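Please keep the sequence and the structure in view while reading.

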There are 2 protein chains.
Amino acid sequence: MLSKKTKYALHALTYLGKHRDEKTVLIHDIAEEHGISQKFLENILLELKKAGILGSKKGKGGGYYLIKEPKDIPLSKVIRLLDGPIALLPCVSLNYYEPCAECKDEVTCGINKVMIQVRDETLKILENKTLEDILKT
Amino acid sequence: MLSKKTKYALHALTYLGKHRDEKTVLIHDIAEEHGISQKFLENILLELKKAGILGSKKGKGGGYYLIKEPKDIPLSKVIRLLDGPIALLPCVSLNYYEPCAECKDEVTCGINKVMIQVRDETLKILENKTLEDILKT
DNA sequence: ATAAAGTCTATAAAAATGATAGGCTTTATA
DNA sequence: TATAAAGCCTATCATTTTTATAGACTTTAT
């Protein structure tokens, strides 16, 4: 399951996507619309900004806006950013690799092999679904 | 990522699958082989038993054994049992459904729609990969 | 100058996960 | 039939992760 962080991020991105005609959108408005903590959302939007997905304007009249096309924001990117690895095991993670303690030899481990396949197929799904898909339904 | 519970379960199932010629296998031996806590493993194997995946024999000379064919033990079953939902959001879970608080209307929610698709495609993967796939590599 | 809005860091609270403990029941066998 | 081996069951504790809050700081329009 996705963490609330990621879920909130998706709601925020959706909201921003629906308000692309406006220059900027207030954190406050997004938080209110979905009944979530504004302070918590602040951190999330900041991360999205640092990842190059959002832009922002400080000061009075400021706010956030999408900096990328919705079609260029795949679920995989959002999930990795806020939740971490998409792979089911650290030993098959492309971006967050770590060996598994209980596995004596990765090379001969059947679990490892199968999980690599699962990872690749899962990735195909999450890279192909984008914010655009969410917006157009 | 999978919890350690699920990871350990997969290792235990693999071990049991590799020792199908023996009548029973000791929890102790599985725990030792992978360097994991025996007591923790006990609980996990019990769950697998209650789910009809493993059988056991009590008392001296007892132990655990596979009660199903490896090809009939899909990853989806093991994951659901020990980790819970496969869906990324509660509002699209087949087995653990719950509405999402921050979503005003599920019917018009684009996130919901996309996540249903992700769930279905993910499920296809996890239902098709079985213990047999792990054993045969 | 002031108020509005994002930025940043730290900390606290809550929940989930991982691990341990100990007694109970069952069963083979000496 | 006593004993030791092995799984069964429940409770509790410890750790880690997640979620949420707080408050001071910076930037900017008016």
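A residue counts as buried when its relative accessible area is under 20%, and as exposed when that area is over 50%. The model discussed here is predicted. A:Cys100 has a relative accessibility of 8%, so A:Cys100 counts as buried.

The cysteines can be taken further. A disulfide is a covalent bond between the sulfur atoms of two cysteines. The cut-off applied here is a sulfur pair within 2.5 Å, and by this rule there are zero disulfides over all chains. For A:Cys100, the nearest cysteine sulfur is that of A:Cys91, 3.6 Å away, and A:Cys100 is in no disulfide. In chain B, the cysteine sulfur nearest to B:Cys91 is that of B:Cys100, at 3.6 Å, and B:Cys91 is likewise in no disulfide. B:Cys91 counts as buried because its relative accessibility is 8%.

Next comes the hairpin of chain B. Strand β1 of chain B covers residues 54-57 and strand β2 of chain B covers residues 63-66; the two run antiparallel and are joined by four bridges. One of the paired residues is B:Lys57, whose bridge partner in β2(B) is B:Gly63. Five residues lie between the strands of this hairpin, and B:Gly59 takes a positive phi near 75°.

In total, 29 residues surround DNA strand D, and the closest are A:Lys4, A:Lys39, B:Lys49, B:Ser56 and B:Tyr64. Of the DNA strand D atoms that come within 4 Å of the protein, 67% belong to sugar and phosphate.

A polar backbone atom of A:Lys4 is 3.1 Å from a phosphate oxygen of DNA strand D. B:Ile27 also places a backbone N or O atom 3.1 Å from a phosphate oxygen of DNA strand D. At A:Lys39, an N or O atom of the side chain is 2.3 Å from a base oxygen of DNA strand D.

Which elements give two or more residues to the surface near DNA strand D? From chain A they are α1 (4-18) and α3 (38-50), and from chain B they are α3 (38-50), β1 and β2. The most comes from α3(B), which gives six residues. By residue class, the surface near DNA strand D divides into 13 charged, nine polar and seven nonpolar residues.

How values were computed:
Residues numbered from 1 in each chain as written. Chains lettered and ligands numbered in written order. Predicted model: local features only at pLDDT ≥ 70, side-chain atom pairs only at ≥ 80, totals over all residues. Heavy atoms only, no water. Pairing = 2+ DSSP bridges. Near = heavy atom within 4 Å. Polar contact = N/O pair within 3.5 Å; in protein donor to acceptor, adjacent residues only side chain to side chain. Nonpolar A, V, L, I, M, F, W, Y, C, P; charged D, E, K, R; others polar. Buried < 20%, exposed > 50% of the residue type's maximum accessible area, 1.4 Å probe, protein only.
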